[in-house]
Amino acid sequence: MTLPHHDHCGRTISYLRVSVTDRCNLRCVYCMPEEGVPCMRHEDILSYEEITRLVSIAADLGISQVRMTGGEPLVRKGIAHLVRSIAQVPGIKGLAMTTNGILLASLAQKLAEAGLQRINVSLDTLLPERFRAITRRGNLSDVLAGIEAAHHAGLTPVKINTVVMRGINDDEVVDFARRTLLDGWNVRFIELMPLGESATLARAEYIPTDEIRARIEEELGGLRPADLTGNGPARVWRLPGSTGTLGFISAISHHFCRDCNRLRLTADGKLVPCLFSDLEFDLRTPLRDGATEIEMQDVFRRAIDAKPAGHLLSERVTPIHEMSRMGG
Ligand code: SAM
Ligand code: SF4
């Protein structure tokens, strides 16, 4: 059987982001309202066995890279068991996770032993009080301890994901960049996207990555191209003399749709071909109704075929998916 590794635009679809829960222990201002979002019903959330079966079907269709995300993946009980099961799926070569890092210090070693290879930690500020203001709960020191623990556990390269917002944390971009010089951090600056809660944040808070880059270069010198494992849509750079790297994820100002290789699976079993479209394909119902492997593969194929060529997010005024459901 010929496997559809390519979509109608010739893009190779090799990467699956798996949201393992919609729950979160933080309430970042750009992602969730203070009171949280209505939770999925427990029985609607895929079990670890169900997630593993779907990953295995995806692997048969050419998916080789999986990233676990959420909500906050580390709040789901026994998450290391899921890591272990996915790591053992034939064909899965890369297994990574995106986390807010709050619970990472105590789990990093266990995750690495279970087969997790790399981790991205979301961190928008290096100032404790500002951390509280942006996340509305949680402590910066826990995240910093989590980053340390991830390094020790070999979940490398650890990447720091920083959403930059004008007037909120944009005065820290040079401080983050300095960490690539002083501590070898790999920092990726992410443009604020008008999804979920951010759809209601003023557009004035959006700041393009070109502006962030210019500020860093003015202060610390010109950036040079670099290379980093599992680089995805970030273009990666290095300051002279730095062991760490800087990346820029510019979903709004520089579309990376042409190179998009990903599908998303929500915690309740919907397959989402594009973060910026309303399309989703139900996998949970056929899975629970006993669909055959071929029938399940067919849903994946339809999702791949439906992947839009590109998005018009910068012109869109209505919110689409909630990031906490979709996993960023
Ligand atoms: N809870 C985990 C975390 O925060 O890393 C994983 C899920 S979170 C939805 C994944 C990523 O999406 C985080 O790096 C977060 O900063 C980013 N994100 C959430 N809302 C966003 C928005 N409106 N614009 C840009 N990035 C966003
Ligand atoms: Fe939670 Fe991540 Fe959303 Fe922050 S960005 S509220 S940590 S899911």
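A residue counts as partly exposed when its relative accessible area falls between the 20% under which residues are buried and the 50% over which they are exposed. In the predicted model described here, arginine 136 is partly exposed because its relative accessible area is 24%. This residue is placed in the loop between α4 and α5.

The protein as a whole contains ten helices and twelve strands. Of its 328 residues, 57% count as buried. Among contacts with a separation of 6 or more, 73% are made by residues 24 or more positions apart.

Arginine 137 is also found in the loop between α4 (128-135) and α5 (140-153). With a relative accessible area of 29%, arginine 137 is partly exposed. Once its neighbours within four places in sequence are left aside, arginine 137 is in contact with Asn25, Leu26, Arg27, Glu34, Phe131 and Arg132. The C-alpha atoms of arginine 137 and cysteine 28 are 8.6 Å apart, although 109 residues separate the two in sequence.

Cysteine 28 also belongs to the surroundings of ligand 2, which comprise Cys24, Leu26, Arg27, Cys28, Cys31, Gly71 and Asn100. By class, this shell consists of four nonpolar, two polar and one charged residues.

Not counting residues up to four places away in sequence, alanine 267 touches Ser19, Val20, Thr21, Asp22, Met40, Asp44, Ile45 and Leu46. Alanine 267 and arginine 23 lie 244 residues apart in sequence, and the distance between their C-alpha atoms is 9.7 Å.

In the loop between α5 and β5 (159-164) lies proline 157. The peptide bond leading from threonine 156 to proline 157 is cis, with omega near -5 degrees.

Helix α6 (residues 173-182) packs against helix α7 (residues 209-220) at an angle of about 65 degrees, and the two axes are 9 Å apart. The crossing of these helices, α6 and α7, is right-handed. On the α6 side the contact involves Val173, Val174, Ala177 and Arg178, which meet Ile212, Arg215, Ile216, Glu219 and Leu220 of α7. Six of the residues in this contact of α6 with α7 are nonpolar and three are charged, with no polar residue present.

Cysteine pairing was also examined. A disulfide is a covalent bond between the sulfur atoms of two cysteines. With a cut-off of 2.5 Å between cysteine sulfur atoms, the count comes to zero disulfides. For cysteine 260, the closest cysteine sulfur is that of cysteine 274, and the two sulfur atoms are 6.7 Å apart, so they are too far for a bond. Both cysteines fall under the 20% limit for buried residues: cysteine 260 has a relative accessibility of 17%, and cysteine 274 has a relative accessible area of 13%.

Technical notes:
Residues are numbered from 1 along each chain as its sequence is written. Chains are lettered from A and ligands numbered from 1 in the order in which they are written. This is a predicted model: local features need pLDDT of at least 70, side-chain atom pairs count only at pLDDT 80 or more; totals for chains, interfaces and linings use all residues. Side-chain values use heavy atoms; hydrogens and water are left out. A residue is near a molecule or strand if one of its heavy atoms lies within 4 Å of it. Ala, Val, Leu, Ile, Met, Phe, Trp, Tyr, Cys and Pro count as nonpolar, Asp, Glu, Lys and Arg as charged, and the others, Gly among them, as polar. Axes are lines fitted to C-alpha atoms, for helices over the stretch in contact, and angles run from 0 to 180 degrees between N-to-C directions. Helices (H or I, at least four residues) and strands (E, at least two) are DSSP runs, numbered from the N terminus. A crossing is left-handed if the near helix is turned anticlockwise from the far one by less than a right angle, and right-handed if clockwise. Contact means heavy atoms within 4.5 Å. Buried means under 20% relative accessible area, exposed over 50%, partly exposed in between (1.4 Å probe, protein chains only).
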